[in-house]
Amino acid sequence: MSGEPGQVSLAPPLGEVEPGSGVRIVVEYCEPCGFEATYLELASAVKEQYPGIEIESRLGGTGAFEIEINGQLVFSKLENGGFPYEKDLIEAIRRASNGEPLQKITNSRPPCVIL
């Protein structure tokens with residue numbers, strides 16, 4: 001092995017592209033609705049899987065939790081009524097990373113309901 005003992009490089013080997021690089025995600029969410037925690041949880045899961053990905057957040061209108069990948073809307077809480085499953089978003093990012101066409105995510109988990 002090369003390098004000093006104890007050093008760990010997080011960068012990909014020379015010539016390799018970091019997973020998710022070149023993919024840009026924008027998440028627009030309603031802050032007064034309490035959706036920031038959901039955004040942070042989703043962003044963390046995505047960054048863990050795709051460290052090279054660019055994620056931007058924007059404040060949106062009431063009830064909004066909208067996700068764009070490379071400028072294409074792939075998920076809308078306003079249309080689906082819930083939040084995306086992480087696995088569906090990860091799959092959409094994988095497709096975008098490979099240059100495959102994106103499809104809208106239609107599965108959604110229901111928002112929490114307080115009784």
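Leaving aside neighbours within four places in sequence, which residues is Tyr85 in contact with? In this predicted model, the contacts of Tyr85 are Asn107, Ser108 and Arg109. Tyr85 sits in the loop that separates helix H2 (77-80) from helix H3 (86-97). The relative accessible area of Tyr85 is 34%. Tyr85 therefore counts as partly exposed, since that class lies between the 20% limit for buried and the 50% limit for exposed. Leu42 is 43 residues away from Tyr85 in sequence. In space, the C-alpha atoms of Tyr85 and Leu42 are 8.9 Å apart.

The sheet comes next. Four strands form an open sheet, and their order is S2-S1-S3-S4. The pairing is mixed. S2 and S4 are the edge strands, each pairing on one side only. From one strand to the next, the twist averages 20 degrees. Helix H1 packs on this sheet and touches S1, S2 and S3. The direction of H1 makes about 175 degrees with that of S2.

The pairings of S1 can be taken in turn. Strands of a sheet pair through backbone hydrogen bonds, either parallel or antiparallel. S1 (residues 24-29) and S2 (residues 54-59) run parallel and are joined by six bridges. The chain passes from S1 to S2 through helix H1 (residues 36-49). This β-α-β crossover is right-handed.

Helix H3 lies across S1 and S3. H3 runs at about 20 degrees to S3. The largest nonpolar core has 25 residues. Those with the most contacts inside this core are Ile25, Phe65, Ile67, Ile69, Leu89 and Ile93. At least two core residues come from each of S1, H1, S3, strand S4 (72-76) and H3. H3 gives the most, with five residues.

How values were computed. Residues numbered from 1 in each chain as written. Predicted model: local features only at pLDDT ≥ 70, side-chain atom pairs only at ≥ 80, totals over all residues. Heavy atoms only, no water. Buried < 20%, exposed > 50% of the residue type's maximum accessible area, 1.4 Å probe, protein only. Contact = heavy atoms within 4.5 Å. Pairing = 2+ DSSP bridges. Right-handed = clockwise from strand over helix to strand, strands pointing away. Core = buried A, V, L, I, M, F, W, Y, C linked by side-chain atoms within 4.5 Å. Axes fitted to C-alpha atoms, helices over the stretch in contact; angles between N-to-C directions.
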